[in-house]
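Hi everyone, thanks for making time for this one. I'd like to walk you through a few local details, so let me bring the structure up on the screen.

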Amino acid sequence: MSQKSGPPPIVFILLFLGLIGGGYWWFFMRNPGLIVNNSPTVTPGAFPLPGTVASGTTVKIDGSTSMVTINQSLKNGFEKQFPGTKVEAVANGTDKGIQALLAGKVEIAAASRPLTAQEQSKGLKAVIVTQDAIALMVGTANPFKQGLTSSQIADIFQGKINNWSAVGGPSATIRVINRPAISGTHQGFKELVLKGANFGTTPNIRTLPRDATTPLIQALGTDGIGYATFAQVANQTQARVLSVDGLTPDASNYPYQRSLYYVYKDPASAEVQALLGYATSSQGQQALTLGN
């Protein structure tokens, strides 16, 4: 008499994998505040898009200068969708924005870097708003017309290369225009480009006293180099963006990409939940696309 054969082994394997996948979804996708990019980040959609927001609601934002355009686009979209609301946004740099949030002066800090462990310990959490690229730029009158490699850029900003002739340009000193350490873009550049190493201290490297892109562009002249969020310099007439390893900042595999965040104090207030729900919704993301 022949024995009945059971289900083939592949059936059990697929069931096992299904259980693992289901457990993963249940734990990670249903739990906000998990680690993303080394920062506790609320899963997009954890704050739903509100149906209504009370007239008179005001949300104050301070932080990253890289997020000025983002703040303005979301402000316009939020106030249009919810009449009578108001978003007040200033940009004093990531660190100062987080300090203002901790001091209770604003409801949201715009940050162009992940939260530190110390900031997390103070009850801060972050939502990814969008992705961004850090662009390298020179003045439009700079005779250097080529791109740079990642290693050349690191050497330039560490003071190991200080003449344009070393990278195929004319014989002239490279004036490096750096952002101050309070800048989230400064910190992002340090991690992405310098791999955590310090900026150079050679005489040709100058650090601006204030984190702002317009003065940086104005300081480039014919021999300077600096960096900024791509959204702020993509359409500039006074600066030219350089390719990195043959890639422009709008390429999907461009090497210097990062996340931009809205940071809040947990538990989030009603007005914060409303703005974050809007910012991460399809409507908010469309407002960002139209704004750029």
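Predicted model: local features only at pLDDT ≥ 70, side-chain atom pairs only at ≥ 80, totals over all residues.

Asp245 turns out to be partly exposed, with a relative accessible area of 42%. You will find Asp245 in the loop between strand E10 (239-242) and E11. I picked Asp245 for its backbone: it has a positive phi of about 55 degrees although it is not a glycine. As a reminder, most residues other than glycine have a negative phi.

Lys195 has a positive phi too, of about 55 degrees, and it is not a glycine either. Look for Lys195 in the loop between helix H6 (184-192) and strand E8 (205-207). With a relative accessible area of 67%, Lys195 counts as exposed, because the cut-off for that word is over 50%.

One more backbone detail, please. The peptide bond from Asp266 to Pro267 is cis, and its omega is near 0 degrees. In general, most peptide bonds are trans. Pro267 sits in the loop that runs between strand E11 (257-265) and helix H9 (270-279).

Now let's turn to H6. Its N-terminal end is capped by Ser183, where a side-chain oxygen lies 3.1 Å from the backbone nitrogen of Thr185.

Last stop: helix H2 (residues 68-81) and H9. Two packed helices are described by the angle and the distance between their axes. Here the axes of H2 and H9 come within 10 Å and cross at roughly 110 degrees. That angle falls in the range of 65 to 115 degrees, so H2 and H9 are roughly perpendicular to each other. The crossing of H2 and H9 is right-handed.

Which residues meet there? From H2 we have Leu74, Gly77, Phe78 and Gln81, and they meet Ala274, Leu275, Tyr278 and Ala279 in H9. By class, the contact of H2 with H9 has 6 nonpolar and 2 polar residues, and no charged ones.

Technical notes
Residues numbered from 1 in each chain as written. Heavy atoms only, no water. Helix = DSSP H or I, 4+ residues; strand = E, 2+ residues; numbered from the N terminus. Buried < 20%, exposed > 50% of the residue type's maximum accessible area, 1.4 Å probe, protein only. Polar contact = N/O pair within 3.5 Å; in protein donor to acceptor, adjacent residues only side chain to side chain. Axes fitted to C-alpha atoms, helices over the stretch in contact; angles between N-to-C directions. Parallel < 35°, antiparallel > 145°, perpendicular 65-115°, else oblique. Left-handed = near helix turned anticlockwise from the far one by under 90°. Contact = heavy atoms within 4.5 Å. Nonpolar A, V, L, I, M, F, W, Y, C, P; charged D, E, K, R; others polar.
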